[in-house]
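Trainee: I have a new model on screen. Please walk me through reading it.

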Amino acid sequence: MSERLVDVDGLRAGYGEGFELHVPALHVEAGETVALIGPSGCGKTTLLNVIAGIHVPTAGHVRVGDLELFGSTSRAPDAARRRFRISRIGLVFQAFELLDHLSVRENILLPFFVNTALEHTPAVDARLATIAERLGIAAYLARHPQALSQGERQRVAIARALVTDPALLLADEPTGNLDPDTGARILDLLFDAVREHEATLVMVTHDHGLLDRFDRVVDLMAVGTEAA
Amino acid sequence: MSGTLRLAWRYLTWHRTRSLILVLCILLTLLLPFAVTMLVDVYGARFRARATATPYVVGAPGSRYDLVLSALYFKGQVRTPSTMAEVERAGRDGLAVVVPLHVGSRAEGHPLVGTSHDYVRLRGLRTAAGRFAQMPGECVLGAKAAADLDKGVGAKVLTDTESVYDFGLAYPIRMRVVGVLAETGTADDRAIFTDLDTVWIMLGFGHGHEAPDQIDADSTSGVKDGTHQLNPKTHLYTEITPENVDSFHMHAEPENLPVTAMIVNPRDGKARTFLKGRYAVSKTGQLIEPVEVVDELLEFVFQLKAFFDANVVLVTAATMLFLALVVLLSVRVRRAEIETLFKIGCARLTVFRMLAFELAIVVLLGAVLAAGLAWFGTQVLLSDFLP
């Protein structure tokens, strides 16, 4: 029986007075692949940010793994959430968010440069080499992102998310900026990587043609988003 | 290299032009202050060292600064020369070793110093080649002077004519180089040393007894048609040789022959007190402690430098504000990058540290380059400055 990795209960989160996300309950099992769908502005990215410990909710309880990010009366300190995020969660963004002034290799190792919670060891380099090989970017490690195609850049972003060997992968429309063929290939790679690393995937997507590939689809509108 | 430092360095090297401009800003802001500080420090130290090594200077009443600058550094001219009578007075009763100096003339562009052998002893000079001058018409070149003129022992050096068309004056002297001094790192290196007789002959206080009308067509001048005329084919100089030296003599009383200054080295503390007393009431000379005058000059320099330093503070502040503006704009431009760093788990302090490293590297590089260039420039300038 798989254990529960993400627990969200009675969540309320918003930005100012114009919007409030309300998720009564959302639970994700370890190793599960979950698609978050819903119209633009319904709070999919906000939910990802809450689960990542980036966005502080106004109410509710959020637990990821063994860390209670946000409790009903308390929340984990910012430093603890950052340490947890960088070591246990991999993030993949729609716009890739690579740094042009770093090489592909350095972009992948970026988490190790910015937080001392991670230690850059030879094992990390070996894992990087394996991931880069699997994602087909091993030949580009010395290049800079602007010398790569959109698809290659997203592969680098996935490699960056995987290099810390995270338990949870949060992907925010990772194929949104890619053509359908490239998007499909990237998704194949992402699913392969998730399976191989026995990670859990929560992915925001607008592409309903992809939903069959997920273990579960969560429609945020059906779960209960409220407009304030 | 720490991760944050690596990120900072990569950003700077990736945006080379921007980084270079910032480094140049720092370099240009700091170059002049660094150079001036180094120059003032080294100049001051060298100036003072020369003054400290010179016990007293005696000269005719007048500007103390002119007297010291002339006697110690062979710079400028003393308006009212002293005389050999004052040299006698200073050394009377054996109170001190008195080194007469005549400074102000030049030979082939270099200061020509007429003095005695006591100067060699006082300054501890030694020859790198040849020997010291022993008779009129001989000279010894300072190390830099020899290098500049590319001349050594056996060469000839012509004294500079102060008024080439004033034929009432004596001709320049063509001196034989009999020695080259070892380098001292002082004004002595640029000077050419000869004896006082040679200088006095050059100045017209003495001459050799060759009748102009006996000079043949190859000589400098002669009497033609009852008038004294120059021979345009000849060189306009006088040369004192072992053969003709005996024919040279002074046309002035020995005590009236000019010196511009004298360095006075008292025999002991008691002699120093006597000398000070003697010159406290003297109307014909003044006794100066060079280090006091040099300290006064340096104080004036340091006062000027204080104004300069204040200006430097303002310019540096303006540059720092400019850099702060660049950093603030940079944070705006890099908002997406910084947001990404936050999202993946980077602390705000780490981002601040990364930006601080970038700024520190730029400032450090600019400062190091400025210091290096200032040092190089100072060395070049100092090679021409020999107090």
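Trainee: In what order do the five strands of the open sheet in chain A run, and is the pairing parallel or antiparallel?

Mentor: Strands of a sheet pair through backbone hydrogen bonds, in either sense. DSSP must find at least two bridges between two strands to pair them. Strands are DSSP runs (E, at least two residues), and helices are runs of H or I, at least four residues, numbered from the N terminus. Here the order is S6-S7-S8-S3-S9 in chain A, with parallel pairing. S6 (89-92) and S9 (216-219) of chain A are the edge strands, each pairing on one side only.

Trainee: How many bridges join S6(A) and S7(A)?

Mentor: Four, in the parallel sense. One example: A:Gly90 has A:Leu169 as its bridge partner in S7(A).

Trainee: Which strands does helix H2 of chain A touch?

Mentor: Contact means heavy atoms within 4.5 Å. Angles run from 0 to 180 degrees between N-to-C directions, with axes fitted to C-alpha atoms, for helices over the stretch in contact. H2 (residues 78-88) of chain A packs on the sheet against S6 and S7 of chain A, at about 75 degrees to S6(A). Helix H6 (residues 150-162) of chain A also touches S6 and S7, at about 165 degrees to S6(A).

Trainee: Where is confidence lowest in chain A, and where highest?

Mentor: This is a predicted model: local features need pLDDT of at least 70, side-chain atom pairs 80 or more, while totals for chains, interfaces and linings use all residues. Side-chain values use heavy atoms, without hydrogens and water; residues are numbered from 1 along each chain as its sequence is written, chains are lettered from A and ligands numbered from 1 in written order. pLDDT is the predictor's confidence in each residue, from 0 to 100. Helix H8 (residues 220-223) of chain A is lowest, at a mean of 81, and helix H3 (residues 104-108) of chain A highest, at 95. Chain A averages 88.
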